[in-house]
Amino acid sequence: QVQLAESGGGLVQAGGSLRLSCAASGRTASTYAMGWFRRPPGKGREFVAAINWSSGDTYYSNSVKGRFNVSRDTAKNTVFLQMNILKPEDTAHYYCAADTQSYLKYTGAYYYTSEYDIWGQGTQVTVSS
């Protein structure tokens with residue numbers, strides 16, 4: 001089993017940057033991909049970015065493409081989300097997730113929450129205007 005722990009959230013002014021980290025522990029060798037999702041206040045969970053653990057291929061939602069960057073440190077079993085040019089609409093609780101069952105190998109639906117079986121508790125990101 002894989003356990004995820006997010007960190008790095010906080011309060012930042014619009015236009016600023018923030019770097020989120022998600023450290024994985026446990027049976028990390030089974031991880032096929034990791035993703036970042038967020039839940040804005042009053043809204044449902046939405047896809048932000050994802051990365052294939054083996055290839056490093058990345059995927060982004062249109063709303064963050066060009067501003068956010070997802071990366072990984074395989075040696076540390078950690079995935080990062082570098083958030084730049086933050087906007088008030090980026091305010092949300094951010095979660096990292098892992099596909100340890102290789103669902104995404106067959107579906108390729110990195111934007112689907114259902115493709116990820118392990119979730120962290122999340123970290124709050126608040127962007128002030």
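Is Tyr110 buried or exposed? At a relative accessibility of 5%, Tyr110 counts as buried (under 20% relative accessible area; exposed is over 50% and partly exposed in between, with a 1.4 Å probe and protein chains only).

## Basis of the values

The model is predicted, with local features requiring pLDDT of at least 70, side-chain atom pairs counting only at pLDDT 80 or more, and totals for chains, interfaces and linings using all residues. Residues are numbered from 1 along each chain as its sequence is written, and side-chain values use heavy atoms, without hydrogens and water.

## Aromatic pairs

Six aromatic pairs are found in the whole structure. Rings of Phe, Tyr and Trp (its six-membered ring) pair if their centres lie within 6.5 Å; planes under 30 degrees apart are stacked, over 60 edge-to-face and the rest tilted. Phe37 and Phe47 are edge-to-face, because their planes stand at 70°, with ring centres 5.5 Å apart. Phe37 belongs to strand E4 (residues 33-39) and Phe47 to strand E5 (residues 46-52), so this pair ties together parts 10 residues apart in sequence. Strands (E, at least two residues) and helices (H or I, at least four) are DSSP runs numbered from the N terminus. Phe37 is buried at 0% relative accessible area, and Phe47 is buried at 13%.

Tyr59 and Tyr110 are stacked, at 3.9 Å centre to centre and 15° between planes. Tyr59 is partly exposed, at 29% relative accessible area.

## Cluster and charges over rings

Phe37, Phe47, Tyr116 and Trp119 are linked into a cluster by ring pairs. Arg45 lies over the face of Trp119, 4.1 Å from the ring centre. A charge sits over a ring if NZ of Lys or CZ of Arg is within 6 Å of the ring centre and within 35 degrees of the ring normal.
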